[in-house]
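Have the viewer open and follow along.

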Number of protein chains: 2
Amino acid sequence: MDSLSAIAKLPLFAGVDASAALRDLNAREGNYAAGETLLRAGERCESVGILLSGGADVVREDAGGNPVLVAHLSAGELFAEAFAFSGAPLAVSVRAAEDSRVLWLSAERIAVSPRYPRLAANALRLFARKNLFLTERIEHLTRHTLAEKVLSYLYSLARSQGRPLVSVPFGRQGMADYLGCDRSALCAVLAKLKKEGKLDYHKNVFRIL
Amino acid sequence: MDSLSAIAKLPLFAGVDASAALRDLNAREGNYAAGETLLRAGERCESVGILLSGGADVVREDAGGNPVLVAHLSAGELFAEAFAFSGAPLAVSVRAAEDSRVLWLSAERIAVSPRYPRLAANALRLFARKNLFLTERIEHLTRHTLAEKVLSYLYSLARSQGRPLVSVPFGRQGMADYLGCDRSALCAVLAKLKKEGKLDYHKNVFRIL
DNA sequence: TCCGAAATGTTGTAATTACAACGGAATTGT
DNA sequence: ACAATTCCGTTGTAATTACAACATTTCGGA
């Protein structure tokens, strides 16, 4: 099977015989037409999803009742894992943006899988890494000025990339979303920092001075 | 032993014979004088810490090189878990604020513990829940105005508490820190929202209108 | 109860930021 | 290459927010 080889490459299955493990995991495959809802906010789900093909949108309802796009899922991505493992009701909905195929795996069986303990260990590492990313983003978001947010972000990028010259994995709009600010305000602040000699950049490559 | 009964009550050990499991986990106990450093940023640690007694500060170095207090740990709290399970170098330092006693547990052995698979499952649930908290906080922090941050936060509190009348687990300074803003600015916005009839509150009890 | 300390609320000002509008650059598809 | 579209930078304005200073309230201990 084609999707099996793709699954076997996922970090969740590192060091595990994927085809054998899938039989243990109560794996179900689902097909969804574009526009169809995979998961509805408020429900509970006991399975994590792996998007085998297609694409899906993760949508949250904000305080005013308006739908907000939280993320877009592409093939190979894991989703709903935090809800499945915590048992908490879904705070978001997931809707197929295109015709999609999804593999559902029981969180409980991943957590305690006597034959494949590496699965739980892999899941733990994934969660731990995501935790670090989220914590780091919070660190930037809690700065009180946009200039500080930008510098905090670039500083941590420089740290993780190990170079003074860092490339940002977003466009300007993505960077603004990540930092929780307006795109044009971000551009203005970047220009100001450059004029003040605190920063230099070309497109998505930055250097803190 | 006294600390054993406390440990046994931790969520990590739910459904597990703690005293037996501790023998499997390469548990080491450490004693630290006030001011002593438990963990230093940049190093790696392969063990999670449980603060048995005392208190400790989690400190991060910001973009300017200034130490920033990220969290305070009290007895019974788990720490360094995301670093231990992910294998990433520490982004923070931990310093004993008082004379403290710490129990160190191997993350690897928790992750794959043939005799106590519930440990990994418990850890997974803890990580998943923390993920949800962090994600939710990010949701509030990415709003573009303070009023929206406040309403987003109170709205989600109301949801989780199931009542329209919500009590906030922080004082004003803590709430401002959580929302990444200045305390007095928060007070001003709260007063404005009340005057506009969008919100009512007394001390730490709020109602969205 | 009284005092002192800490937390909270208020106000004013300067700085920052959101937002809208627009021109120019870059990218994409044909 | 060309057109269309998307993305990016700039500007101006109104609104918001940080910050400092100070008044008031709350809280805990003597």
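## A valine in chain A

Val58(A) counts as partly exposed because it has 18 C-beta neighbours inside 10 Å. For that label, a residue is buried with 20 or more other C-beta atoms within 10 Å of its own, exposed with 12 or fewer, and partly exposed in between, with C-beta atoms placed from the backbone. You'll find Val58(A) in strand β4 of chain A, residues 55-61. (Helices are DSSP runs of H or I with at least four residues, strands are runs of E with at least two, and both are numbered from the N terminus.)

Skip the neighbours within four places in sequence, and Val58(A) is in contact with Val70(A), Ala71(A), Leu73(A), Phe79(A), Val92(A) and Val94(A). Contact here is C-beta atoms, placed from the backbone, within 7 Å. Phe127(A), 69 residues away in sequence, is 19 Å from Val58(A) in space, C-alpha to C-alpha.

## Ground rules

This is a predicted model: local features need pLDDT of at least 70 and side-chain atom pairs pLDDT 80 or more, while totals for chains, interfaces and linings use all residues. Residues are numbered from 1 along each chain as its sequence is written, with chains lettered from A and ligands numbered from 1 in the order in which they are written.

## Domains of chain A

Chain A is assigned domain 1 (2-116) and domain 2 (143-208), with bounds from an automatic or database domain assignment. Taken over C-alpha atoms, the centres of these two domains are 32 Å apart.

## Where the chains meet

Chain B puts 37 residues into the contact, and chain A puts in 37 residues too. On the chain B side, the elements giving two or more residues are α3 (81-86), α5 (117-141) and α6 (146-161). The most comes from α5(B), with 19 residues.

Within chain B, α5(B) and α6(B) pack at about 150° with their axes 8 Å apart. (Axes are lines fitted to C-alpha atoms, for helices over the stretch in contact, and angles run from 0 to 180 degrees between N-to-C directions.) Glu136(B), Glu139(B), His140(B) and Leu141(B) of α5(B) meet Lys149(B), Ser152(B), Tyr153(B) and Ser156(B) of α6(B).

## Around the DNA

Which residues come nearest to DNA strand C? Of the 17 around it, they are Leu146(A), Ala185(A), Gly171(B), Ser184(B) and Cys187(B). Being near means a C-beta atom, placed from the backbone, within 6 Å of the strand. The largest share of this surface, four residues, comes from α8(B).

Technical notes: Two residues are in contact if their C-beta atoms, placed from the backbone, lie within 7 Å.
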